[in-house]
Structure formats: C-alpha cells, structure tokens
Amino acid sequence: MFDYYKPSLVKLALNLWPPFWGAGIKIILISDDFRYVRLQLKLRWWNKNANRTQYGGSIFSLTDPVYSLMLMGILGKQYFIWDKQANIEFIQPGDGDLFADFVISEACIAEIIAATAEGNKYLPEFSVSVSKANNEVVAQVTRILYVRKKPQYRSEMMEPSSDIKMEQVE
C-alpha cells in the first residue's frame with residue numbers, strides 16, 4: 001500500500017472520493033512530506049442548511065480523515081493510525097467557501113515516534129481552524145488520533161495489552 005502512497009495520488013483519490021466530492025470538499029495542496037494540507041469547502045446549493053449557509057456536517061467532514069492520512073504518509077506502514085475522537089465548536093455561520101490548513105510539526109512527529117517506540121499507544125491531539133476566505137474563523141475542530149506500532153514492528157519484550165482488541169475492531 002505505501003509504495004504508492006504519494007501526495008499527488010492521495011490528492012487525486014480524495015478529490016474523486018464520493019463523500020468529499022459530494023460535500024463540496026476539495027484538496028488544494030498536500031506537501032511532498034505530508035506535513036501540510038490545505039482543503040476547501042465550496043458552498044453549493046446541495047450543502048447549504050436551512051439558513052443558506054454551510055451545513056455543519058460538511059464543515060465537520062472537511063476535517064475528516066486528514067490528520068490520519070497525513071500521519072500515514074509521514075510514519076508509513078509500521079503504524080496503526082485511526083481517528084479516535086473529535087469535537088467541533090461552531091463560532092459563526094459559514095456563508096461562503098471555507099478553508100482549512102492542516103499542519104503537523106517536526107516536534108509533534110518526534111513526540112509520536114518517541115511515545116510509540118516501545119509499542120505503546122499514543123493519543124496525539126490536533127486542532128484546526130475552519131475559516132472564510134478573509135481568515136475569519138467559522139469553526140474550531142479538535143481531533144484525537146490513536147497511534148501505535150503494528151505488532152510485527154514492536155519490541156519483542158512488550159507484554160500483550162487490551163489495545164489489541166481495539167486494533168482488531170477499528
């Protein structure tokens with residue numbers, strides 16, 4: 001899977017993916033190192049709510065599953081990476097096209113690698129603002145991910161844990 005997991009192919013695939021396309025979500029840019037992604041949510045007649053502004057579900061969908069896909073590109077096939085929890089705070093109506101810029105710092109990557117080096121799970125938290133073209137924030141989204149090395153890449157001295165059940169389910 002990861003031999004062809006390249007930013008240009010991920011961008012193409014997601015821009016053709018029916019849930020994104022149908023919601024009006026477009027990936028504008030994925031950096032070559034997967035550390036930066038910019039998305040746009042177009043306001044279309046089919047994703048307007050009763051107040052003729054962006055539907056909240058589309059705003060929330062704009063942020064899913066971006067951080068997981070970024071970490072998959074950064075960390076590679078050695079890790080399980082899933083969205084675990086998310087929260088959205090709507091600040092003001094989105095009355096036009098919206099944008100979100102996702103960034104994962106080198107420090108965050110180093111922290112994840114260190115925390116999972118012995119096979120432990122790690123739950124990094126990420127925050128992204130969804131903004132209008134004039135940079136007014138419409139919503140603030142917090143996402144918590146589940147990151148853990150796959151069993152074949154863990155230290156042999158690791159004791160089995162209850163996280164195995166989660167890996168099989170999710």
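1. Helices and strands here are DSSP runs, numbered from the N terminus. With that settled, a friendly reminder before we look inside: this is a predicted model.

2. Let me start with the overall layout. The protein has six helices and six strands, and from the N terminus on they follow the order α-α-β-β-α-α-β-β-α-β-β-α.

3. Of the 170 residues, 43% count as buried. Among contacts between residues at least 6 apart in sequence, 65% join residues at least 24 apart.

4. How many cavities of 30 Å³ or more does the structure hold? There is one, and the volume of the largest cavity is about 80 Å³.

5. Which elements each supply at least two residues of the lining of the largest cavity? They are α1 (7-16), β1 (25-30), β2 (36-41) and α4 (66-75). Helix α4 gives the largest share, three residues.

6. By residue class, the lining of the largest cavity divides into 11 nonpolar residues, with no polar and no charged ones.

Key
Residues are numbered from 1 along each chain as its sequence is written. This is a predicted model: local features need pLDDT of at least 70, side-chain atom pairs count only at pLDDT 80 or more; totals for chains, interfaces and linings use all residues. Side-chain values use heavy atoms; hydrogens and water are left out. On a 1 Å grid over the protein atoms alone, a cavity is a set of points where a 1.4 Å probe fits but cannot get out, and a pocket is an open set with protein on both sides within 12 Å along at least five of seven lines; lining residues have an atom within 4 Å of a point. Grid points are joined across faces, edges and corners, and a volume is the space filled by probe spheres set on the points. Helices (H or I, at least four residues) and strands (E, at least two) are DSSP runs, numbered from the N terminus. Ala, Val, Leu, Ile, Met, Phe, Trp, Tyr, Cys and Pro count as nonpolar, Asp, Glu, Lys and Arg as charged, and the others, Gly among them, as polar. Buried means under 20% relative accessible area, exposed over 50%, partly exposed in between (1.4 Å probe, protein chains only). Contact means heavy atoms within 4.5 Å.
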